[in-house]
Amino acid sequence: MSSSTAASALSPIADATPLSLCAREPHVPADRLVAEMVPPPRFDSVRFATYLPDPDQPSQTEAVQVLDGFAAGLGGAHAIGTGRRGFFGFGKAKAPKAPAGPRGVYLDGGYGVGKTHLLASLWHATPAEPALKAFGTFVELTNLVGALGFQQTVQTLSGHRLLCIDEFELDDPGDTVLVSTLLGRLVDAGVALAATSNTLPGKLGEGRFAAADFLREIQGLSAHFRALRIDGEDYRHRGLPEAPAPYSDEQVTKAAYATAGASLDDFPHLLDHLAKVHPSRYGALTDDLKAVCLVGVRPVPDQSTALRLVVLADRLYDREVPVLASGLPFDKLFSEEMLKGGYRKKYFRAISRLTALARDAKALVTAE
């Protein structure tokens, strides 16, 4: 049953009919992209003190201690002055100050061990005004370069104390070289760096890749990074119940009408719509949503569609938007071939996050 068919069978319960993601075509100005380079709403209140290390994984406790010290060391002026030249850019560049230690940290661990929590905690703990710190995913950073241009991006971020990059996309060689070059310019300007990353194709082992792979891919920047290994299992499944089974079309539609600020869409139609919206706008696509209701969830048809869905899942998870769905369970979204391929880690992350959001959405039905 499509969303329109299901909706017509029920009378509205809330004051307004549900919203529709498929009806939204947001346009995001470049200045908003810069202003929104802060930890997502899900991580507004996280701090090192709210990270709960697994007592069986001492590397988690060690990571908190190291990162806390790293943040404290970022107070004051840039520790690495770049070669600032004389008037009008002429004259001999001043020699950079020697850094007190590594000016970057790389969080090396599988998905669900709390790397983003720690990265956001580092952002919050760094003693600088929010305007002097930037936080975003690799995709958001490449989108910023696309919107501003390379030189303007360098100029915009060079005055920052810290740049945090979540989910560094090492499976895209072209973008990796672009961002590696950008980071080199920012390091020269004295910007401290922190990163987590995704698995390289063929490096699937534990659902992560070795720190050496990351440091090699960012070429000449390796000397600036200290790698922190964070062991552990996916916390989203640690001690939690199994994901709820999908609901019926009628239950999902009724919940959408009963929930102010909820959207209601046919899953196949939504996948088609995502192809018409640039992924940099998926955050704006979810503005002011209180819940996402989907009917007719089925396997995604191809890898391009799957990767777009991964980005949407990330934005919904960042914003803590519950997802209520009918059709197949979320662990059936991606084919066996996809789950064994080079983007395996992304798909498992999406399944993990959508499952967590499905648990959050359970109250939309039980509260009726």
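These are my notebook entries on a predicted model of one protein chain.

**Ground rules**

I number residues from 1 along each chain as its sequence is written, and my side-chain values use heavy atoms, with hydrogens and water left out. Because the model is predicted, I require pLDDT of at least 70 for local features and 80 or more for side-chain atom pairs, while totals for chains, interfaces and linings use all residues.

**Entry 1: whole chain**

I started with the secondary structure. The protein chain has 14 helices and 8 strands. I take both as DSSP runs, numbered from the N terminus: helices are H or I with at least four residues, strands are E with at least two.

Next I looked up burial. Of the 368 residues, 51% count as buried. Buried means under 20% relative accessible area, exposed means over 50%, and partly exposed lies in between (1.4 Å probe, protein chains only).

The chain exposes about 16,400 Å², and carbon and sulfur atoms supply 54% of that area. The areas are Shrake-Rupley values with a 1.4 Å probe; for residues, only the protein chains shown count as cover.

Then I checked contacts, meaning heavy atoms within 4.5 Å. Among contacts between residues at least 6 apart in sequence, 85% join residues at least 24 apart.

**Entry 2: the sheet**

Two strands pair if DSSP finds at least two bridges between them.

I then followed strand 1 (residues 104-108), which pairs with strand 5 in the parallel sense over 5 bridges. Asp108 stands opposite Arg229 in strand 5.

**Entry 3: salt bridges**

My rule is a side-chain nitrogen of Lys or Arg within 4 Å of a carboxyl oxygen of Asp or Glu. The count comes to 10 salt bridges.

I looked at Arg32 and Asp287. Their side chains meet in a salt bridge at 3.1 Å, N to O. Arg32 lies in helix 2 (residues 30-35) and Asp287 in the loop between helix 11 (282-285) and strand 7 (291-297), so the pair ties together parts that are 255 residues apart in sequence. Arg32 is partly exposed at 24% relative accessible area, and Asp287 is partly exposed at 26%.

Glu140 and Arg315 came next. Their closest N and O atoms are 4.0 Å apart. Glu140 is in helix 5 and Arg315 in helix 12 (residues 303-318), 175 residues apart. Is each one buried or partly exposed? Glu140 is partly exposed at 31%, whereas Arg315 is buried at 5%.

I went back to Arg229. Arg229 forms a salt bridge with Asp231, the closest N and O atoms being 2.7 Å apart. Arg229 is partly exposed at 35%. Asp231 is partly exposed at 25%. I also noted a network: Glu167, Asp314, Arg349 and Arg353 are joined by salt bridges that share partners.

I listed the buried residues of helix 5 (residues 138-148): Phe138, Leu141, Thr142, Asn143, Leu144 and Val145. Gly149 follows the helix, with a positive phi near 90°.

How do helix 5 and helix 6 (residues 150-157) pack? Their angle is about 115° and their axes are 7 Å apart. The axes are lines fitted to C-alpha atoms, for helices over the stretch in contact, and angles run from 0 to 180 degrees between N-to-C directions. On the helix 5 side, I find Leu141, Leu144, Val145 and Leu148. They meet Phe150, Gln152, Thr153, Thr156 and Leu157 in helix 6.

**Entry 4: two loop residues**

Thr126 sits in the loop between helix 4 (115-125) and strand 2. Thr126 is buried at 2% relative accessibility. I left aside neighbours within four places in sequence and found Thr126 in contact with Ala71, Leu74, Lys133, Arg161 and Leu162.

Pro26 lies in the loop between helix 1 (3-8) and helix 2. Pro26 counts as buried at 16%. Pro26 and Val277 are 251 residues apart in sequence, yet 7.9 Å apart in space, C-alpha to C-alpha. With neighbours within four places again left aside, Pro26 is in contact with Val277, Arg281, Ala284 and Leu285.
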